[in-house]
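Hi,

Here is the structure I promised to pass on to you. Have a look at it first, and then read on for my notes on what turned up.

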Amino acid sequence: MREKPILRVGTKLLIPFILLFALYVQFHGDFGPGGGFQAGVIFASGFILYALVFGIANARAALPAGLRRQIMALGVLLYAGVGVVGMLAGGNFLDYSVLSDTPTTGQHIGIFLVELGVGMNVFATMATIFFVFASRDPSAKEDG
Amino acid sequence: MIELLDIAVLSMMVVSAVAVLWLRNLFAVVMLSGAYSLLAATLYVLLDAVDVAFTEAAVGAGIATVLMLGTLTMVPHQEKETRRGSLGGLMVVAATGALLVYATLDMPEFGDPDAPIHRHVVPRYMQDSPTEVGLPNVVTSVLASYRGYDTLGETTVIFTAAIGVMALLGWGRRKKP
C-alpha cells in the first residue's frame, strides 16, 4: 500500500477516533445506547481497518495472537468472576447489589465490570475471526 | 410522516434483497447485503430500538461485510450459472411467506400497551429499575443485571465461536506449504 498515501494518512487519522468512540460506547453504555458488545465490535473494527490498509502482518504485530486469546478468555473470566465475587460476598451468583455498601453502587460496579468483560471478549473474538479468515488469503501467508 | 419513512426503508430493503437474488457478481452481492443490514438498522431506529440498531449497524453492516469480503478473496467473484426458475421452490417460498404474514394478523398492534410482552415483567423492570439498579438506560440494566445469566451465556457463545473458528481454520501455527 506504499502507493496510496491518502488512504494511509486518512486511516491513521481515523483509527484513534474509532478506538476512542469504542471506549465512549463501552463506558457510556449505562447512560445511552451502547454497551460492551457494540464497543467490542467497534474497537475490533479499528484494528480491522488497520489490517486492511497496512496489511495483515503489521496488524498482527500490533495485536499478537497470544494477546488476543488472553483478552478473549479474560473477558469471560471477568464476567463470571464478578458473579463469583457476588457469591463470596453473600449474594446470589451475578447479584451485584452486595458488591458495595449501597445496592445501587454495587449494581453500578457490577454492570461496569460485566460490560467490560463482554467488550473484551467481543473485541478479541471479532479481531481473531477476521485475522484467521484473512490469513487464509493466498496472498498473505503469515501465521494466523 | 413516520409511516412514509417506514414504507421508504422497507421498499429499499425489498429492492436490495431482490437485487441480491438476481445479481451474479458476488462482490456486488456482499455490498448489497451490507446495505440491507444498514437499512435494517435504520428501521430499528424508526422503531425506537436504538441499542438493537447500533448492534445491527456494527455487526451486520460492518463486521459481517468484512468477513464476507475475506471469504471472497478465496472464491471466484462470479456466481456459477445455474438453472433458473424452479417453480416448486417458488411455491414453497410463497406459501411459507403467506403463512408468516397470516400469523402476524394475530399479533397485537405495534406499540399496544396491553400486548402480552408489555404486561409480564416489563412493568416491574420499568418501575423498579431506577431504585434497584439506578441506571438511566434500562436496556443496560435488563441486559447486564436482571438478565445477567443470559448475557453471560451469550458471552460464552461468542467465546465458543472464536474457539470453533480457530480450531477449524488454524490456531496460528499453520504449516506453511
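Let me begin with where the two chains meet. The contact draws on 45 residues of chain A and 41 residues of chain B. On the chain A side, helix 2 (36-54), helix 4 (65-88) and helix 5 (103-134) each supply at least two of the residues that touch chain B. Helix 5 of chain A gives the most, with 19 residues. By class, the side of chain A that touches chain B divides into 23 nonpolar, 16 polar and six charged residues. Please keep in mind that this is a predicted model.

The axes of helix 5 of chain A and helix 7 (residues 148-169) of chain B come within 10 Å and cross at roughly 20°. The angle is under 35 degrees, so helix 5 of chain A counts as roughly parallel to helix 7 of chain B. The crossing of helix 5 of chain A with helix 7 of chain B is left-handed.

Now for chain A as a whole. Its secondary structure comes to five helices and zero strands, giving the pattern α-α-α-α-α along the sequence. The C-alpha trace of chain A spans about 60 × 30 × 20 Å along its principal axes. Of the 144 residues in chain A, 43% are buried. Among contacts in chain A between residues at least 6 apart in sequence, 60% join residues at least 24 apart.

Finally, a word on confidence. Chain A averages a pLDDT of 87, and 93% of the residues score at least 70. Among the elements of chain A, helix 1 (residues 5-27) has the highest mean pLDDT (93) and helix 3 (residues 56-62) the lowest (89). Over residues 140-144 of chain A the pLDDT is below 50, although this stretch has 19 contacts in the model beyond near neighbours in sequence.

Best wishes

Notes
Residues numbered from 1 in each chain as written. Chains lettered and ligands numbered in written order. Predicted model: local features only at pLDDT ≥ 70, side-chain atom pairs only at ≥ 80, totals over all residues. Contact = placed C-beta atoms within 7 Å. Helix = DSSP H or I, 4+ residues; strand = E, 2+ residues; numbered from the N terminus. Nonpolar A, V, L, I, M, F, W, Y, C, P; charged D, E, K, R; others polar. Axes fitted to C-alpha atoms, helices over the stretch in contact; angles between N-to-C directions. Parallel < 35°, antiparallel > 145°, perpendicular 65-115°, else oblique. Left-handed = near helix turned anticlockwise from the far one by under 90°. Buried ≥ 20, exposed ≤ 12 C-beta atoms within 10 Å, placed from the backbone. pLDDT = per-residue confidence, 0-100.
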